[in-house]
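Welcome, and please open your viewer. This tour goes from stop to stop, telling you what to select and what to look for there.

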Amino acid sequence: MGDKDSVEKYLENNPQFAKEYFDKKLRPELITTAFTENLEIKDPTSFKDVSQIQEANIIFDLVKEMQSQIVMEKALHKVLQRVCMILNADRCSYFDLRSRNGIPELTTMLFNVTPSTKFEENLVNPTGEIVFPIDMGVVGYTAHSKKMQNIPDVTKNNRFSDFVDKQTGYKTKNMITYPIMAEKECLGVVMALNKIGAEEFSKADEEVLLWSASKVFEELTDIERQFHKALYTVRIYLNCERYSVGLLDMTKEKEFYDEWPVKLGDVPPYSGPKTPDGREVIFYKIIDYLLEGPKEEIKVIPGPPIDHWALVSGLPTYVSENGFICNMMNVAADEYFTFQKEAVDESGFVIKNVLSLPIVNKKEEIVGIATFFNRKDGKPFDEHDEQITEALTQFLGWSVLNCDTYDRLNRMEWRKDIAQEMLMCQTRCTNTEMQSILEKFDAEPEDCDQKEMYKLLRSNCPVAVDVDLLLFSFSDFPVTEHGLIMCGIRCFFELNVVEKFKVPAETLTRWMYTVRKGYRDITYHNWRHGFNVGQTMFCLLQTGRLRKYYSDLDAFAMVAAAFCHDIDHRGTNNLYQTNGSPLAKLHGSSIMERHHLEYSKTLMAEESLNIFVNLQKRQFETVQHLFDVCIIATDLALYFKKRTMFQNIVNATEPMETEKDKIEHISNNAIRKEIIMAMMMTGCDLSAITKPWEVQSKVALMVAAEFWEQGDLERTVLDQQPIPMMDRNCAAELPKMQCGFIQFVCSFVYKEFSRFHVEITPMFDGLNNNLKNWKELADIHAAKMAAIEEEKKKLEAPAGNI
């Protein structure tokens, strides 16, 4: 056999033979062999160790199995093999939960899986299934209870059934089982038997089972990670100098606030390019693989500009629209697309030929565009290149299918993590707590007449005028937190919605108390803030006379949403949540606001807490939409989107001579009502800035203290320098920062509302008074700093110049 140098020399001298040989050996259908390296792991002690050794191999091995027709079974077989190995279990099995004639039952799908057994051996033929009801055995109980079971000794567990052991001749000693859940539905049960080298499965094994499953599912649902791993692995097979992958936004429906300008006619409907399934062509991320230089480079560009070198030609957009494979053999001669003829960047790279392909999942949705630039030999891409790259994009499409398959399950895992946090911080209102509101009532609520209950509840709540509920200057400081609950109930009676919508007195009490408990005991975004926002919404509707534009149902929903708007706030903002929080994985934008919204809707799902329980279906749907509008509107990032639309409404109504014209202009247009509602929520959320100075100055310090607490976390946990607003070392700058916040954010809201309704002018007056006070403090601090600086200059100056 010739040595390496002689082989290389022969191939270089005989290029035609080399081409024919590799064309034959490296057929397109074999490209996936890039992902089939054998997994060899010696003495693994945890899944983290496995991940560190050959994480990519595990994931690629799993994803490759998605190519076969038996998708779920093969993928699950790979998962079970890894779980078996990690747990040091003798074997694992998967039982599928199904329903036959309405009766749930468990059946063996994958049986006796070990790290070395083949899929064909473990896949159970339908004629050989072992079937048993869910009220039988530990596996049955796992499916029924939907909870993990760890049984150290099966002989001492009264739920264990030796039914399967008798069928197979196997002897079970200990076992661990885990339900696979989608929302509240159990799909099946994973079972591991007989711990090797120990008498039982440990608590650590329980954690490993949960962690490893979530790790695998996380990998399989992360589209970008799949793309990157696949493309980086096969780069040696791609005979090009560069390639770029554009990931397409999969959103088919716009957010309601993005549709407002279109529905109002302020902007024309979108008329740009769309994918075949009707999505707007938006590349939310570009990943560039630069291979032409001495050092390979990868660049990830979120929200790429339209003039990005890989997009500016318009070719990726064209492929997104039509789904065609486009091979541009001579870019310089092309007249249809606008390719850059000169160097695209400082490296001097010039585009000569291009091959662009859609990445399509098995739902036939285009999820991205892969574009390859410049064959390394200078020749155009040929049919063979098209076949190779098409095989790659098919692989990427399969990985996306896998993401789709597990997306719901993974989201349920995130929701579970969040729900567990919620439960730790609060529980719903107890009977004792409810009785503290209905303190004068001796009988059980269900045995009482509702009119009697209403009368009692109304009499127990403070009168609105006695506690200033109808004033914009209301302060919560003199009122206890328990008293605020009763004040909140009073707001609903004042709106006359309790009896009109048949809200059970017990339910209203439980809901109000549960909302209070849903707020965490943090420095500022606590129950007191939540109540203040609800009270301000109540005040805008009643005292500010904005209620005339809205129905009673609207007012009911708006005040309820305002009370809930920051429920379960963690004392940190959206930007902080993006650092690995489950909330950030669950919600792509307006992270905390969407969490508050989802939390609020969980209360509606509980009959004993649902104050809208007696609404008709369409009314309830309206309430849920208004909750969407109100709570999402509190994201200040969206405030600047809606302010111009609100100002246009104010400008349009200001010259109207009669109140009737104003009401018709707004009430007959759902979009205008929503825009005003959204701006009302902003006004409510920021209302502390309009309170009397003695209140505002205290609240400002509470807000600042919470910001500083986040800044401390950023410095210690994230190892990053906080911005001045979050930095307690900049506390002396608070008056100056308050002035900036009032001038650039708050002033517009209350100025426009005072123009819109003169009754709201007290809020604008309060704002201006506070601005004056903050400016005085800022000027004092500036004067002190100037004096210190002047003194410093004198001390530093040479003696002769003094």
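Which residues does Asp566 touch, not counting residues up to four places away in sequence? Select Asp566 and you will find Tyr519, His525, His529, His596 and Asp685 touching Asp566, where contact means heavy atoms within 4.5 Å. Before moving on, note that this is a predicted model, in which local features need pLDDT of at least 70, side-chain atom pairs count only at pLDDT 80 or more, and totals for chains, interfaces and linings use all residues. Residues are numbered from 1 along each chain as its sequence is written, and side-chain values use heavy atoms, with hydrogens and water left out.

**Stop 1: around Asp566**

Stay on Asp566, which sits in the loop between helix H18 (552–564) and helix H19 (574–577). Helices (H or I, at least four residues) and strands (E, at least two) are DSSP runs, numbered from the N terminus. Is Asp566 buried or exposed? Asp566 is buried, at a relative accessible area of 5%; buried means under 20% relative accessible area, exposed over 50%, and partly exposed in between, with a 1.4 Å probe and protein chains only. UniProt lists Asp566 under "binding site" in an unreviewed entry. UniProt positions are given in the numbering used here, feature names are shortened, and annotations may be inferred rather than shown by experiment.

**Stop 2: the whole chain**

Now zoom out. The protein chain has 28 helices and twelve strands. Of its 802 residues, 50% count as buried. Take the contacts in the protein chain with a separation of 6 or more: residues 24 or more positions apart account for 69% of them.

**Stop 3: helix H25 and Lys673**

Next, select helix H25, residues 670–685, and pick out Lys673, which is in this helix. Lys673 counts as buried, at 17% relative accessibility. Leaving aside residues up to four places away in sequence, Lys673 touches Tyr549, Tyr550, Asp554, Ile666 and Ser667.

**Stop 4: H25 against H22**

Axes are lines fitted to C-alpha atoms, for helices over the stretch in contact, and angles run from 0 to 180 degrees between N-to-C directions. To see where they meet, show His625, Leu626, Val629 and Cys630 in H22 together with Glu674, Met677, Ala678 and Met681 in H25. By class, this contact of H22 with H25 has six nonpolar residues, one polar and one charged. Here Ala, Val, Leu, Ile, Met, Phe, Trp, Tyr, Cys and Pro count as nonpolar, Asp, Glu, Lys and Arg as charged, and the others, Gly among them, as polar.

**Stop 5: H25 against H27**

Show Ile676, Met679, Met680, Thr682 and Gly683 of H25, then Phe748, Val749, Tyr750, Phe753 and Phe756 of H27, for the residues that make the contact. The contact of H25 with H27 divides into eight nonpolar residues, two polar and no charged.

**Stop 6: H27 against H23**

Leave H27 in view and select helix H23, residues 636–653. The axes of H23 and H27 come within 10 Å and cross at roughly 30°, so H23 is roughly parallel to H27. Among the residues that meet are Tyr639, Phe640 and Arg643 in H23 and Phe748, Glu752 and Arg755 in H27. Twelve nonpolar, three polar and three charged residues make up the contact of H23 with H27.

**Stop 7: two positive phi values**

Most residues other than glycine have a negative phi. Select Asn374 in strand S12, residues 366–375: Asn374 is not a glycine, yet has a positive phi of about 60°. Asn374 is buried, with a relative accessible area of 1%. Then go to Ser590, in the loop between helix H20 (582–586) and helix H21 (591–605). Its phi is near 45°, also a positive value in a residue other than glycine, and Ser590 counts as buried at 7% relative accessibility.

Terms used
Parallel < 35°, antiparallel > 145°, perpendicular 65-115°, else oblique.
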